Amino acid sequence: MECRVLSIQSHVVRGYVGNKSATFPLQVLGFEVDSINSVQFSNHTGYAHWKGQVLTAEELNVLYEGIKLNNVNHYDYILTGYSRDISFLETVVDIIKELKKANPSLVYVCDPVMGDQGAMYVPENLLPVYKNKVVPLADILTPNQFEAELLTGRKINTEEDAIEVMDLLHKMGPETVVLTSTDLPSKQGDQFLVALGSQKISKVSDGTNTDQKICMDIPKVDAVFVGTGDLFAAMMLAWTHHHPKDLKTACEKTVSVMHHVIKRTITYANEMAGPGKRPTPAQLELRMVQSKADIENPTIVVEAKVLQKSSQ
């Protein structure tokens with residue numbers, strides 16, 4: 001069966017963020033991807049210079065209208081990432097509602113991009129829209145620790161806090177929640193990042209509930225990469241599609257793809273920069289095409305630990 005994704009994200013001419021980061025890996029894994037570019041920039045904003053255009057809510061509506069008029073607005077998945085405009089985000093919400101009505105089994109994967117390390121990099125008035133309108137529609141949510149804290153109003157200082165926050169996010173709507181990065185200390189030392197995931201699946205037909213919580217220690221790489229969050233959300237979409245009731249495997253494959261892409265990128269960037277020099281943003285663009293084989297069939301390098309699993 002053909003599986004079609006509508007991805008509403010940013011676009012860059014040069015490099016890999018947003019749709020550029022999500023489309024190729026999803027296509028490699030067999031998905032048809034329809035992209036709406038929320039912005040079209042020359043390159044990501046971490047460079048010294050960037051130019052480009054921002055799509056308005058009206059223009060988004062016009063594009064969606066065209067798809068609808070041709071009766072090709074049938075999707076299995078929707079994927080969204082960075083958005084910095086309230087009316088744009090609310091239009092996205094309207095589109096998701098309409099598509100979910102047309103296909104009740106549609107899965108919405110949401111990366112609620114709002115900030116990191118204690119600082120918001122979108123206008124603060126987007127938070128209530130995410131909280132009250134976006135997250136309740138999401139089936140899979142991939143916030144970092146800061147975003148999860150913003151959405152729930154709860155701080156994460158311990159693993160127990162993280163589990164509580166994921167449960168609060170489940171109550172808001174999503175069946176699957178992955179905290180893509182946290183500040184929690186790793187048992188393997190400070191060279192590792194801790195990520196956690198939780199999946200609650202209720203099967204109405206036979207009344208069973210399954211609940212799985214996992215934890216991963218991810219090796220840190222000393223560099224700033226752009227577009228990795230977009231790749232993470234796309235890979236969660238792909239691997240939860242292939243392993244719908246097995247969060248452990250889906251997360252292991254997602255994180256392993258990330259690891260291979262980042263490792264290849266940093267190796268290349270360091271070679272290009274030369275000894276003792278820090279690589280430039282251009283040298284640190286993700287080595288996506290070169291990682292095609294790893295995206296298709298990732299060697300598992302990070303094992304997820306099951307914290308709790310229950311079915312009743």
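Contact here means that heavy atoms lie within 4.5 Å. With that in hand, we can walk through this predicted model, in which local features need pLDDT of at least 70 and side-chain atom pairs count only at pLDDT 80 or more, while totals for chains, interfaces and linings use all residues. Residues are numbered from 1 along each chain as its sequence is written, and side-chain values use heavy atoms, with hydrogens and water left out.

Strands (E, at least two residues) and helices (H or I, at least four) are DSSP runs, numbered from the N terminus. If we set aside neighbours within four places in sequence, Ser181 touches Asn144, Gln145, Leu193 and Val194. Its relative accessibility is 19%, so Ser181 counts as buried. The cut-offs are under 20% relative accessible area for buried and over 50% for exposed, with partly exposed in between (1.4 Å probe, protein chains only).

Gln145 also brings us to helix 5, which covers residues 145-152. The axes of helix 5 and helix 6 (residues 159-172) come within 10 Å and cross at roughly 55°. Axes are lines fitted to C-alpha atoms, for helices over the stretch in contact, and angles run from 0 to 180 degrees between N-to-C directions. That angle makes helix 5 oblique to helix 6; under 35 degrees would count as roughly parallel, over 145 as roughly antiparallel, 65 to 115 as roughly perpendicular, and the rest is oblique. On the helix 5 side the contact is made by Ala148, Leu151 and Thr152, and on the helix 6 side by Val165, Leu168, Leu169 and Met172.

Just after helix 1, Gly30 takes a positive phi of about 95°.

Helix 7 is mostly covered, with 12 of its 15 residues buried; among them are Leu231, Phe232, Met235, Met236 and Trp239.

Positive phi values also turn up outside glycine. Asn71, in the loop between helix 2 (57-69) and strand 4, has phi near 60°, and at 52% relative accessibility Asn71 counts as exposed. Gln117 has a positive phi of about 50° and lies in the loop between strand 6 (115-116) and strand 7 (119-120). Gln117 is exposed too, with a relative accessible area of 67%.

Finally, the cysteines. Taking a disulfide as a pair of cysteine sulfur atoms within 2.5 Å, the count comes to zero. The sulfur of Cys3 is 18 Å from the closest cysteine sulfur, in Cys110, which is too far for a bond. For Cys110 the closest cysteine sulfur is in Cys251, 16 Å away and again too far. Cys3 is buried at 9% relative accessibility, and Cys110 is buried at 0%.
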